[in-house]
Amino acid sequence: MESGTAGKPDGGAEIGQLLGRVGALAPVIGAAAGDAEQARRLPAALVSALHDAGLYRLLLPKTFGGAEIGPPDFFQVIEAVAKHDASTAWCLCQANGCAMAAAYLEPAVAEEIWGRNPEAVVAWGPGKAEAVADGDHYRVTGHWSFASGGHQATWFGGHSVLVESDGSPRLGTDGATMIRTMLFPATAASVTQVWDVIGLCGTGSDDFAVTDLPVPRECSLAREDPAERRLDAPLYQFPAMSLYAAGFSGTALGIARAMLEGFKELAAEKTPRLTRHRLSDDALVQADVALAEARLGAARAFLISELRDIWAGVVASGRLSVAQRMRIRLAATHAIHEAKAVADSAYEGAGATAIFAGRAFERRFRDIHTVVQQLQGRKSHFRAVGAYLLGHPPDMTVI
């Protein structure tokens with residue numbers, strides 16, 4: 001089944017329109033950031049504005065009312081949002097990645113979840129769960145964590161091990177334990193607030209759980225199993241992991257850009273205590289700013305160049321190779337760590353000014369260091385890519 005994508009590798013005017021919407025929302029996103037951090041969730045008014053702008057539907061198939069944009073455009077939108085608030089960008093990235101599941105579901109189910117509800121949000125996260133086959137249903141019991149944006153969710157997804165009636169795991173033809181993602185209304189789950197963290201506080205990445213919940217078979221999917229993919233548009237040749245890599249690296253770059261621009265503004269006005277010159281007149285500061293621009297610009301250019309080249313290739317060929325997925329992993333991980341280095345430089349250069357809440361530094365410093373601690377920021381990704389480049393079998397868990 002084909003979806004409605006136009007198949008353009010660059011997005012054309014569409015990306016300009018989306019970035020224009022982000023720009024129009026910038027005051028709203030920035031003003032809500034403090035409230036989101038205190039409440040440990042995005043404010044309802046902000047969520048509504050994000051829905052109105054279509055920012056929760058960037059990766060949703062057009063068939064169900066989505067924009068179905070390509071990875072380069074998705075990266076740019078999330079990066080633009082992150083310049084104003086990282087938690088908002090993180091929630092949007094996570095929800096959009098989850099929306100790609102629509103390409104693997106029966107159309108009637110995807111229509112029920114997204115098509116009939118313009119403010120639909122699916123959230124999920126890792127956990128431990130079992131799904132026991134029971135006629136035309138599964139009976140699901142599980143506990144999952146890191147459900148970013150879960151307080152805005154209309155549906156949850158629970159990755160679950162399939163088990164037989166005797167409690168033994170169901171095995172696939174390859175002998176591996178079978179895992180399916182169970183989708184169920186958010187009202188069916190209990191949410192436990194555990195998100196007491198130093199950064200990305202507004203994501204509200206809390207736990208959720210269900211006990212012996214009946215889930216219709218058609219409301220489950222094997223994520224990224226080509227045999228279950230119902231839409232063959234170029235976007236859905238990409239695993240969600242690749243889009244998460246693009247979006248979360250965009251989050252890191254957006255944070256770093258905001259901190260660097262904040263430092264430039266500060267340097268033009270601040271004369272440090274016991275000195276006679278503004279920061280902007282200090283030769284060491286000047287060199288640091290130049291190097292920060294080079295690092296941030298180079299990392300961003302590498303990432304978006306890779307995304308554009310790979311996207312054009314997939315549009316032309318209709319398939320995504322392991323080598324291309326490795327390229328995304330390398331460029332995204334590199335961007336995250338270069339962004340952290342630039343953010344650290346801006347924070348250190350700002351001196352005591354950086355420690356005060358409400359300036360351009362303190363919350364973003366905590367956010368960037370939280371981004372790096374997440375799966376997408378693992379330095380072990382460099383080893384996995386390097387091993388592949390040296391001829392070792394690919395580690396598919398990282399791409």
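This is a predicted model: local features need pLDDT of at least 70, side-chain atom pairs count only at pLDDT 80 or more; totals for chains, interfaces and linings use all residues.
The lining of the largest pocket divides into 25 nonpolar, 16 polar and 9 charged residues. About 1600 Å³ of space lies within the largest pocket. It is lined by 50 residues, of which His159, Arg223, Glu224, Met241 and Thr397 are the closest to the centre. Several elements of secondary structure take part: helix H4 (86-99), strand E1 (122-125), strand E4 (155-163), E5 and helix H6 (240-267) each supply at least two lining residues. H6 provides the largest share, with 4 residues.

Tyr138 leads on to the strands. In E3, Tyr138 is the bridge partner of Ala133. Strand E2 (residues 127-134) and strand E3 (residues 137-147) run antiparallel and are joined by 8 bridges. The hairpin that they form has 2 residues between the strands, and Gly135 adopts a positive phi near 65° there. E3 also pairs with strand E7 (residues 206-216), again in the antiparallel sense and over 8 bridges. Here Arg139 stands opposite Pro214 in E7.

The model holds 9 aromatic pairs. One of them joins Trp144 and Phe184, and it counts as tilted because the ring centres are 6.0 Å apart and the planes meet at 40°. Trp144 belongs to strand E3 and Phe184 to strand E5 (residues 179-185), so this pair ties together parts that are 40 residues apart in sequence. Both Trp144 and Phe184 are buried.

Phe184 has a further aromatic partner in Phe208; this pair is tilted too, with 6.4 Å from centre to centre and 55° between the planes. Since Phe184 lies in strand E5 and Phe208 in strand E7, the pair ties together parts that are 24 residues apart in sequence. Like Phe184, Phe208 is buried. Taken as a group, Trp144, Phe156, Phe184 and Phe208 form one aromatic cluster.

Definitions and conventions: Residues are numbered from 1 along each chain as its sequence is written. Side-chain values use heavy atoms; hydrogens and water are left out. Two strands pair if DSSP finds at least two bridges between them. Rings of Phe, Tyr and Trp (its six-membered ring) pair if their centres lie within 6.5 Å; planes under 30 degrees apart count as stacked, over 60 as edge-to-face and the rest as tilted. Buried means under 20% relative accessible area, exposed over 50%, partly exposed in between (1.4 Å probe, protein chains only). On a 1 Å grid over the protein atoms alone, a cavity is a set of points where a 1.4 Å probe fits but cannot get out, and a pocket is an open set with protein on both sides within 12 Å along at least five of seven lines; lining residues have an atom within 4 Å of a point. Grid points are joined across faces, edges and corners, and a volume is the space filled by probe spheres set on the points. Ala, Val, Leu, Ile, Met, Phe, Trp, Tyr, Cys and Pro count as nonpolar, Asp, Glu, Lys and Arg as charged, and the others, Gly among them, as polar.
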